[in-house]
Amino acid sequence: MDSQGILIESLDGRAVYADLNSNVGFNPGFCIKGGNSFAALSKFGPEYHFETGLYADGSINKKRERWKAT
């Protein structure tokens with residue numbers, strides 16, 4: 001768990017509700033995603049689309065975007 005951290009505290013900073021590796025510096029996720037996005041855009045071009053498959057064992061309610069297992 002050294003690659004993740006969280007700090008939840010009260011607005012006035014007097015009470016700490018959760019603390020995990022809050023003193024460790026991390027690369028922000030958006031920076032890494034931006035670099036990956038730029039590399040994919042450079043490699044594949046702006047018209048490329050990745051396909052994602054969806055497999056479900058049960059019925060899918062498209063209106064509510066939920067699925068019910070059978």
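Q: What is the relative accessible area of Phe44?
A: Residues are sorted by relative accessible area: buried is under 20%, exposed is over 50%, and partly exposed lies in between, with a 1.4 Å probe and protein chains only as cover. Phe44 has 41%, so this residue is partly exposed. The model is predicted, so local features need pLDDT of at least 70 and side-chain atom pairs count only at pLDDT 80 or more, while totals for chains, interfaces and linings use all residues. Residues are numbered from 1 along each chain as its sequence is written, and side-chain values use heavy atoms, with hydrogens and water left out.

Q: What share of the 70 residues is buried?
A: Buried residues make up 1% of the 70 residues in the protein.

Q: What length does helix α1 reach from its first C-alpha to its last?
A: The expected span of a helix is 1.5 Å times one less than its number of residues. Helix α1 covers residues 29-44, which is 16 residues, and it reaches 22 Å, close to the 22 Å expected. Gly45 follows α1 and has a positive phi, near 90°.

Q: How many bridges join β1 and β2?
A: Two strands pair if DSSP finds at least two bridges between them. β1 and β2 have four bridges and pair in the antiparallel sense. Ile6, in strand β1, stands opposite Leu20 in β2. The two strands form a hairpin with six residues between them, and Gly13 in the turn has a positive phi of about 80°.

Q: Which residues form the nonpolar patch on the surface?
A: A patch is made of residues with over 30% relative accessible area and no salt bridge; like charges are joined within 9 Å, and nonpolar side chains (Val, Leu, Ile, Met, Phe, Trp, Tyr) within 5 Å. Accessible areas come from the Shrake-Rupley method with a 1.4 Å probe, and for residues only the protein chains shown count as cover. Here the patch holds Ile6, Ile8, Tyr17 and Leu20, with about 390 Å² of accessible area together. β1 (6-9) and β2 are the elements that give two or more residues to the patch. Ile6 is partly exposed at 43%.

Q: Which residue forms a salt bridge with Arg14?
A: Side chains of opposite charge can pair when their charged atoms come close. A salt bridge is a side-chain nitrogen of Lys or Arg within 4 Å of a carboxyl oxygen of Asp or Glu. The structure holds one: Arg14 pairs with Asp12, the closest N and O atoms being 4.0 Å apart. Both residues are exposed.

Q: How many aromatic pairs does a search of the whole structure find?
A: A pair of aromatic rings is described by the distance of the centres and the angle of the planes. Rings of Phe, Tyr and Trp (its six-membered ring) pair if their centres lie within 6.5 Å; planes under 30 degrees apart count as stacked, over 60 as edge-to-face and the rest as tilted. The search finds three pairs. Among them, Phe44 and Tyr48 have ring centres 4.7 Å apart and planes at 20°, so this pair is stacked. Phe44 and Phe50 have ring centres 5.6 Å apart and planes at 85°, so that pair is edge-to-face.

Q: Which residues form one aromatic cluster?
A: Phe44, Tyr48 and Phe50 form one cluster. Tyr48 is partly exposed at 42%, whereas Phe50 is exposed at 58%.
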